[in-house]
Amino acid sequence: MTELSIHGGANTASARLGRLAIYGALAIFAAFYLMPLAVMVMTSLKDLDDIRTNSLLALPERLTTFAWSHAWNEACIGTECTGLAPYFVNSLVMAIPAVAISTFLGALNGYALTKWRFRGANLIFGLLLFGSFIPFQVVILPMAQTLGFMGLSSSVAGLVLVHTAYGINFTTLFFRNYYVSLPDDLVRAATIDGAGFFTVFWRIVLPLSPSIIVVTVIWQFTQIWNDFLFGASFTSGGSQPVTVALNNLVNTTTGVKMYNVDMAAALIAAAPTLLVYVVAGRYFIRGLTAGAVKG
Amino acid sequence: MAASALDIRDVRKDFGATSVLKGVSLSLAPGEFLVLLGPSGCGKSTLLNMIAGLDPITAGEIAIDGRVVNQVHPKDRDIAMVFQSYALYPNMSVAKNIAFGLEMRHIDRAERERRIADVSALLQIDHLLKRKPSQLSGGQRQRVAMGRALVRDPKVFLFDEPLSNLDAKLRVDMRTEIKKLHRRLGTTIVYVTHDQIEAMTLATRIAVMRAGVIEQLATPQQLYDEPANMYVGGFVGSPPMNFIPATLVENGSALAVRFAVGPQGAGGEVTLPLVDTPAAARGYVGKPVVFGLRPDALTDFSDAEAMLRPHGQRLDVEVDVLEPTGAEALTYVTLGGTTAIARVNARRAVDVGETASLLADMSHARLFDPDSEQAIG
Ligand SMILES: Nc1ncnc2c1ncn2[C@@H]1O[C@H](COP(=O)(O)OP(=O)(O)OP(=O)(O)O)[C@@H](O)[C@H]1O
Ligand SMILES: [Mg+2]
């Protein structure tokens, strides 16, 4: 016992020093990465005089939410001075159905590909895998034509379709890899019990999937909300998503450059993805640990 | 006679180019307990899956209760299956697990509750009904898996190695329980295992399988006493049957086996006369045969034993290895140039290097063709 504690004592001194170094380094990295965010938040809370006269890193002299409310419903985007609000709604109307549909179809595909290995299942999976490596830029032209044929050009519904189609590759991949480890015997047992394709899916497979659903939702929401290229390519004017509107807001060159409004607008546009991480991330971890205790 | 519960006629299964079942036929009367016994990879689970309808068969015919079910969906075959992994639905309570099959068959709630109560009382799992499978021990999960099958009251039960995930003690307990259950319910069961003790204790008949064919289909006792070939003799019984290379000779009017005794034939040769030799054996006179003798037919020589075994022949041989197991000692000796095992009363066991007097009960002798490995006669 005594010997142990002597050794322990000798170790603690150097271990403590090591700890200090590690935490010091981590703090520096954290500060470095948080700096831009901090500058954005501070700038968005300053007024223009403050920004002009004081340093970028200085704390605001007077806190004001002018920039936030201006960005939300007054700022001019192109010629329309409506603020980001309607575009924010566009993005929600685009992202929520697209995330829901692509996640649902991914789950269904993953289930069919792993548990009902039909003829050609591997080929289909190979093609889907291939699809997830196709860059956005390649599909823009054919996609624009397709949307034209379908009468969905320049509409939020069109964007929902594009994002769903483009997202299915990824969601299928996620769910397929998750369902591969789900025992086939479950499906066999349910088949003998008399459950069909969809009953097994609803009653047995989906209830076992919360963690992978959360992962997929986070991924899809981030991708779709943050998308700029599809939004800029396939929509115009009032149907644009918030990312495109943000770009137009920042690039609108009438009068003085309002950095505080730009910053507030950027933060507004980024808020939902942050929120999804904060809210769903917790469920994600909970899902993981719940899975771990399952026998 | 009633229709057979299960008929399998020349069933084949190919996975691509590999043939996994190469023509399996068997017929099962209602109430029989058939065990499919064989080493890993011989096609036991595949055959069970074909009966269940989870995998289509390549050729042949399967009939359940007189009805050909080749094209019938698993849920309509009137079978229930217990999986090696139990395959309990992790998201459902024990009660829901048991009732799922009934629910899928649109059996009303009151009836479901009643049947759950019956089955859970039978299996003594009534106190677990509200739990999730993850909150159960291995043995409890096993019971729930059986409950899920029992509650449906099907024509044929299929068990795929249901006990192999349990520890040794629990396995023996559950084995007894399954046997009791079968007695009590009189159901038809097809049970897969690679544990020959499980097979011997449970089965009314055993199908010994090897590489996609049934080597022998017989009652446990027939299988033990009259193995159809060396494979079955070696697979069934622990320790396995002794296979002693010998020469068949004429011994007066009867036949006898002659072989060398001891390491390098140090003990000279013995000639042991056979009892009731089959006619086919005549053709082997002067030729090599394999003389098969169960270790329990090769015992210590005592006057009492000799009296009990009128066809006992004395055999003096040097002991190579001795393995005491409590009541008896497995005595390893060299006969016909290979190792043979004798089951000797532990109190009369002879030490290594000394000469043991053994008694070979020739009424249990079995002759095999050394080339085809099939039994002679
Ligand atoms: N889907 C499949 N495709 C190709 N080969 C298969 C497939 N399923 C099984 N096999 C092969 O068929 C053979 C028999 O498999 P099976 O599962 O019936 O063996 P088993 O007797 O149940 O063995 P175990 O005791 O290990 O469970 C094995 O050699 C296996 O590799
Ligand atoms: Mg198996």
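A polar contact is a pair of N or O atoms within 3.5 Å; within protein, one atom must be able to donate a hydrogen and the other to accept it, and residues adjacent in sequence count only if both atoms are side-chain atoms. This tour concerns a predicted model, in which local features need pLDDT of at least 70 and side-chain atom pairs count only at pLDDT 80 or more, while totals for chains, interfaces and linings use all residues. Residues are numbered from 1 along each chain as its sequence is written, chains are lettered from A and ligands numbered from 1 in the order in which they are written, and side-chain values use heavy atoms, with hydrogens and water left out.

**First stop: within chain B**

Select residues 6–235 of chain B as domain 1 and 242–368 as domain 2; these bounds come from an automatic or database domain assignment. Their C-alpha centres lie 40 Å apart. Between these two domains of chain B there are four residue pairs in polar contact, both residues at pLDDT 80 or more.

Next, display α7 (220–225) and α8 (230–235) of chain B, each of which supplies at least two residues of the domain 1 side that touches domain 2. Helices here are DSSP runs (H or I, at least four residues), numbered from the N terminus.

Contact, meaning heavy atoms within 4.5 Å, joins 10 residues of domain 1 of chain B to six residues of domain 2 of chain B. The area buried between these domains is about 760 Å², with 57% given by carbon and sulfur atoms. Buried area is the accessible area (1.4 Å probe) that two parts lose on being put together, summed over both. Now select B:Tyr224, B:Pro227 and B:Met230: they supply 65% of the area that domain 1 of chain B buries against domain 2 of chain B, more than any other three residues.

**Second stop: chain A against chain B**

Show both chains. The contact draws 18 residues from chain A and 27 residues from chain B. Together the chains bury about 1,900 Å², 63% of it on carbon and sulfur atoms. Highlight A:Ile192, A:Asp193 and A:Arg203, which supply 38% of the area that chain A buries against chain B, more than any other three residues.

Three salt bridges cross this interface. For one of the salt bridges, select A:Arg188 and B:Asp55, whose side chains meet at 4.0 Å, N to O. Finally, colour α8 (184–193) and α9 (197–205) of chain A, the elements that give two or more residues to the side touching chain B. The largest share of that side, eight residues, comes from α8(A).
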